[in-house]
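Could you walk me through this model, with an eye on one strand, its neighbours and the ligand? Here it is.

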Amino acid sequence: MIVLSTGGSWRIMRGACACAVVCALVALCAASGLDEGTRAAAERQLLALLGLPHRPPHTHRPPPPVPRAMRLLYEGSIPAAAANTARSFYHTHTELDHRFPGEHRFRLYFNISGVPTDEVARGAELTFQRAVGTTGNQRLLLYDVVRPGRKGKSEPILRLLDSIPLKPAEGTVNADALGAARRWLKEPKHNHGLLVRVLEEGSGSTDAKFPHVRVRRRATDGDEEWRALQPLLMLYTEDERARAARERGETKLTRNKRAAQRRGHRAHHRRKEAREICQRRPLFVDFADVGWSDWIVAPHGYDAYYCQGDCPFPLADHLNGTNHAIVQTLVNSVNPAAVPKACCVPTQLSSISMLYMDEVNNVVLKNYQDMMVVGCGCR
Ligand SMILES: *[C@@H]1O[C@H](CO)[C@@H](O)[C@H](O)[C@H]1NC(C)=O
Ligand SMILES: *[C@@H]1O[C@H](CO)[C@@H](O)[C@H](O)[C@H]1NC(C)=O
């Protein structure tokens with residue numbers, strides 16, 4: 001069930017003043033009192049809001065560990081402009097791997113076929129981990145394999161995506177693979193992977209015997225060890241809903257800062273006196289209670305808040321009323337039968353980020369607009 005920290009019941013919330021996401025969640029949470037058909041409809045509506053065709057299936061496999069890079073993104077924000085979704089991919093082993101025995105030349109294949117077709121790539125970054133104990137300057141070349149070569153018949157067609165100087169140093173190395181990711185999303189059948197080469201800088205650019213970065217697995221690498229070392233592709237996309245919202249010119253609101261939010265929560269408890277007036281009220285949505293905790297990795301729940309209260313005549317400035325709301329309230333005060341009072345609704349919303357498992361058990365980070373009430377007002 002939904003936890004209401006202070007008074008107010010969800011039923012009032014569902015009144016005339018609609019509020020898409022929160023109401024859908026509330027309907028779902030209140031499903032104990034609903035018949036199966038209504039409950040299914042509520043769940044469908046909520047999934048549609050989240051841009052998912054259906055609920056990811058229950059799996060008894062344990063979820064794969066969330067890559068560190070993904071966790072860091074979840075704490076921060078998605079770097080690619082306009083992107084609202086981030087996914088991470090590791091190389092998928094194929095029978096081609098044995099053709100690349102060296103450490104300086106390897107074909108990386110990332111199966112991004114699970115990315116929904118309405119999503120547009122806005123950024124793709126390939127991260128390599130440094131190998132220890134190498135000296136000298138090298139260069140990493142990253143190619144999109146546009147057409148694979150055929151033995152003795154044709155050379156492969158390669159398109160250079162990025163060229164990165166490697167100096168002996170610590171940390172990671174990033175290469176830009178956006179050109180390839182865009183192509184793969186458009187022509188999934190022609191994803192032949194990426195070719196990575198590491199060369200010695202200068203002196204005729206020979207193959208690097210001991211590359212500065214880890215490109216392929218060594219026989220001595222354990223599973224855990226390799227998981228931390230292997231190249232990781234981060235794909236940043238924008239889905240249809242986010243694109244439509246952006247093109248309508250909706251301002252990108254500041255991302256929720258959890259600490260600030262908690263402070264607001266506490267302050268609220270001290271202000272019980274003004275209860276009846278339109279204001280933001282606490283509402284914590286717990287995903288476990290909605291039955292979604294098996295595929296939503298983080299957060300476990302979030303402060304959605306809701307708006308409730310009276311919009312009395314005359315409308316005070318802090319009630320964020322529009323001119324129309326002021327007029328409507330005025331008419332209502334003269335003749336209550338003519339029109340209802342203005343409604344207490346969210347006037348400012350902010351986004352939250354969620355990490356969830358998709359159909360193929362991949363971890364996806366998505367930024368959802370308008371999930372949390374920042375301010376209420378009479379409209
Ligand atoms: C890619 O992943 C899909 C599932 O998302 C699977 O059906 C397909 O066989 C995979 N392709 C390769 C080449 O591994
Ligand atoms: C009016 O909006 C501002 C900014 O969005 C917000 O801080 C304030 O709390 C809102 N007023 C009410 C009554 O919620």
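Buried here means under 20% relative accessible area, with exposed being over 50% and partly exposed in between (1.4 Å probe, protein chains only). Strands (E, at least two residues) and helices (H or I, at least four) are DSSP runs numbered from the N terminus.

Before going further, a word on the ground rules. This is a predicted model, in which local features need pLDDT of at least 70 and side-chain atom pairs count only at pLDDT 80 or more, while totals for chains, interfaces and linings use all residues. Residues are numbered from 1 along each chain as its sequence is written, chains are lettered from A and ligands numbered from 1 in the order written, and side-chain values use heavy atoms, leaving out hydrogens and water.

Two strands pair if DSSP finds at least two bridges between them.

| Strand pair | Sense | Bridges | Facing residues |
|---|---|---|---|
| E11 (residues 296-298) and E14 | antiparallel | two | Ile296 and Tyr356 |
| E14 and E15 (residues 363-378) | antiparallel | 12 | Met354 and Lys366 |

E14 and E15 also make a hairpin, with five residues between them. In that turn, Asn361 has a positive phi of about 65°.

The structure holds four aromatic pairs, counting rings of Phe, Tyr and Trp (its six-membered ring) whose centres lie within 6.5 Å; planes under 30 degrees apart are stacked, over 60 edge-to-face, and the rest tilted. One of them joins Trp295 and Tyr356 edge-to-face, at 5.7 Å centre to centre and 85° between the planes. Trp295 sits in the loop between helix H9 (287-290) and E11, and Tyr356 in strand E14, so this pair ties together parts that are 61 residues apart in sequence. Both Trp295 and Tyr356 are buried. Ring pairs also bring in Trp292, giving a cluster of Trp292, Trp295 and Tyr356.

Finally, the ligand. Around ligand 1 you'll find Tyr109, Asn111, Ser113 and Val360, each with a heavy atom within 4 Å of it. A polar side-chain atom of Asn111 lies 2.3 Å from an oxygen atom of ligand 1, and for Ser113 the corresponding distance is 3.4 Å. The protein covers 40% of the 360 Å² of accessible area that ligand 1 has on its own (Shrake-Rupley method, 1.4 Å probe).

Technical notes:
A polar contact is a pair of N or O atoms within 3.5 Å; within protein, one must be able to donate a hydrogen and the other to accept it, and residues adjacent in sequence count only if both atoms are side-chain atoms.
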